[in-house]
Amino acid sequence: MLPEDTIAAIATAIGEGGIGIVRLSGPQALNIAGEMFRAASTLPVSEQPSRTAAYGHIVDPVCKETVDEVLLLVMRAPRSYTREDVVEIYCHGGPMPLKRILELTLKAGARLAEPGEFTKRAFLNGRLDLSQAEAVIDVIRAKTDSSLRMAVGHLSGAFSSRVLQCRRQILQLIAQLEAAIDFPEEDIEAMTAQQVETVVRQLSADIAGLLSTAQTGRILREGLKTVIIGKPNVGKSSLLNTLLGEDRAIVTDIPGTTRDIIEEYVNIGGVPLKVIDTAGIRESADEVEKIGVEKALAVMAEADLILLLLDASTPLTDEDKEVMAHLAGRQAIVLVNKTDLPAVLTMGEVEAFAAGKTVIKISALEGTGVAALEKAIVDLVYSGRVSQGEGAFVNNVRHKHILELAQSLLAEVLATIAADMPPDCIVVDLRAAWEKLGEISGETVGEDIIDQIFSQFCIGK
Ligand SMILES: Nc1nc2c(ncn2[C@@H]2O[C@H](COP(=O)(O)OP(=O)(O)OP(=O)(O)O)[C@@H](O)[C@H]2O)c(=O)[nH]1
Ligand SMILES: [Mg+2]
């Protein structure tokens with residue numbers, strides 16, 4: 001059922017700004033705005049043409065007090081964000097005018113919008129499919145140009161059209177098989193099981209192709225959790241500062257300077273990196289430092305990427321080996337720092353120590369080798385895939401899960417064919433895959449999931 005009521009919310013961020021926007025959507029949007037808007041021209045809101053702005057004032061209809069000087073934008077259904085009548089009131093961007101105007105709209109009969117309710121209406125009214133609606137929040141939260149490109153690609157349907165295409169092909173198979181079942185006497189060329197198999201294998205490969213982007217997609221959306229570890233004084237905090245381009249962490253020549261975890265986002269060639277600086281790992285009698293070391297080991301356990309720092313100007317120690325022991329089976333890069341100083345460590349020694357991990361020489365102090373490190377990280381994240389194609393990457397766990405399930409349902413189709421089962425059985429399996437894929441666009445998804453998705457949005461979106 002489509003909503004009958006009219007919703008209102010402050011659509012701009014809370015705080016002071018040049019302008020602030022109160023947004024209304026629903027059948028009463030124009031009437032509600034009309035009750036409080038005094039246009040400088042003679043045209044009432046109800047007659048204001050769609051997609052035009054009118055200049056005037058918001059006046060409290062009860063006490064007749066002028067609340068603010070505003071612009072009022074009217075977008076009539078269906079050519080609006082929600083496909084309903086939408087009015088946006090552009091006032092001064094302060095908490096008071098926004099709050100007063102919102103209150104007036106509520107008094108006039110609007111209901112306070114729930115988080116994401118405008119976008120939810122856009123979805124319910126068919127302007128966006130569910131995966132496009134999900135992309136709206138990704139656009140808002142994008143951390144780098146690549147994450148933005150991915151989110152905008154999803155919003156414009158680059159990803160959903162790929163899924164839609166798979167669904168269409170499945171539906172076509174179903175239709176052809178059903179025709180053959182329903183009209184066996186007619187001269188419809190029955191699709192042989194072999195033909196179905198060929199198409200299903202291709203579909204399965206297409207889905208595998210999409211799924212192969214999931215890791216990169218997730219990283220572009222959420223950031224690559226990268227932890228810098230090493231024994232005390234190797235230059236971990238210096239590296240964080242160099243990557244950030246600012247003095248964020250305290251750097252001293254006293255081993256054991258960093259005690260707590262420091263997290264910052266850095267943009268590395270479009271990859272949002274969540275860099276975590278940690279306490280130097282060593283046996284310590286100091287109670288605070290001990291906790292720091294425990295924390296370092298804990299964040300390392302959850303990291304996507306570990307940057308292990310060594311000091312080129314001192315010999316390898318047992319502490320280095322202790323840290324190295326944590327790297328087995330993990331995605332890690334070994335960094336030989338302080339290469340601006342006379343070398344004590346030989347590369348041969350380091351390579352043997354690094355046990356197959358990539359080794360890069362850097363100087364956190366002078367910034368040398370950092371470009372090579374950044375390139376290694378970007379290569380690792382894209383793992384050979386071309387950047388620019390982000391628009392169709394799988395970037396969300398929900399989608400990934402659905403694609404995986406759809407793929408196993410397609411595998412069942414193949415098993416059914418291999419077992420020489422009748423066409424009805426193939427149709428049943430195909431239909432299951434078709435329905436599963438429909439959860440991405442939201443066509444076959446339950447209300448609880450829809451509510452859960454939109455509850456993650458901010459109010460006013
Ligand atoms: N010459 C040289 N000195 C460096 C380099 N990187 C760091 N240092 C110095 O090494 C010392 C320790 O640097 P930090 O960045 O505090 O080292 P850390 O690994 O964070 O140390 P803890 O927090 O104590 O574990 C400081 O005096 C830095 O200036 C480098 O590339 N070259
Ligand atoms: Mg430090």
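1. Starting with the metal: the magnesium ion (ligand 2) has Ser237 (OG) and Thr258 (OG1) as its protein donors, lying 2.0 Å from it. Donors here are N, O and S atoms within 2.8 Å of the metal (3.2 Å for Na, K and Ca), and water is not among the atoms, so sites may look incomplete. Serine 237 sits in helix α9 and threonine 258 in the loop between α9 and β9, so the pair ties together parts that are 21 residues apart in sequence. Helices (H or I, at least four residues) and strands (E, at least two) are DSSP runs, numbered from the N terminus. Serine 237 is buried, with a relative accessible area of 8%, and threonine 258 counts as buried too, at 10%. Buried means under 20% relative accessible area, exposed over 50%, and partly exposed in between (1.4 Å probe, protein chains only).

2. A word on provenance. This is a predicted model, where local features need pLDDT of at least 70, side-chain atom pairs count only at pLDDT 80 or more, and totals for chains, interfaces and linings use all residues. Residues are numbered from 1 along each chain as its sequence is written, chains are lettered from A and ligands numbered from 1 in the order in which they are written, and side-chain values use heavy atoms, with hydrogens and water left out.

3. Now the largest pocket, with a volume of about 340 Å³. Of the 25 residues that line it, Asn233, Val234, Gly235, Ser238 and Val251 are the closest to its centre. On a 1 Å grid over the protein atoms alone, a pocket is an open set of points where a 1.4 Å probe fits, with protein on both sides within 12 Å along at least five of seven lines, and lining residues have an atom within 4 Å of a point. Grid points are joined across faces, edges and corners, and the volume is the space filled by probe spheres set on the points. Helix α9 (residues 236–244) gives the most to the lining, with three residues. By type, the lining divides into 10 nonpolar, 12 polar and three charged residues.

4. On to the packing. The largest nonpolar core has 32 residues, of which Leu239, Ile333, Leu335 and Leu373 touch the most other members. A nonpolar core is a set of buried Ala, Val, Leu, Ile, Met, Phe, Trp, Tyr and Cys residues joined through side-chain atoms within 4.5 Å. The elements that each supply at least two residues of this core include α8 (214–222), β8 (224–229), α9 and β12 (332–337). Helix α13 gives the most to this core, with six residues. Leucine 335 touches Leu239, Leu307, Leu308, Leu309, Leu310, Ile360, Ile362 and Leu373, not counting residues up to four places away in sequence. Apart from this core lies another, of 31 residues, among them Val200, Leu210, Leu403 and Ile417.

5. Leucine 220 is worth a look. Leucine 220 is found in helix α8 and counts as buried, at 0% relative accessibility. Leaving aside neighbours within four places in sequence, leucine 220 is in contact (heavy atoms within 4.5 Å) with Ser146, Ser147, Met150, Gly270, Val271, Pro272, Tyr382, Glu390 and Phe393. By contrast, the C-alpha atoms of leucine 220 and valine 59, 161 residues apart along the chain, are separated by 46 Å.

6. Some backbone items to check. Most residues other than glycine have a negative phi, and most peptide bonds are trans. A cis peptide bond joins alanine 77 and proline 78, with omega about 0 degrees; proline 78 is in the loop between β5 (66–75) and β6 (86–93). Lysine 64 is not a glycine, yet has a positive phi of about 65 degrees. Lysine 64 lies in the loop between β4 (52–59) and β5 and counts as exposed, at 59% relative accessibility. Alanine 355 also has a positive phi, near 45 degrees. Alanine 355 is in the loop between α12 (347–354) and β13 (358–361), and is exposed at 60% relative accessible area.

7. Last, a residue in helix α11 (residues 318–324): glutamate 322. Glutamate 322 counts as partly exposed, at 40% relative accessibility. Glutamate 322 and isoleucine 281 are 41 residues apart in sequence and 8.4 Å apart in space, C-alpha to C-alpha.

Key
Nonpolar A, V, L, I, M, F, W, Y, C, P; charged D, E, K, R; others polar.
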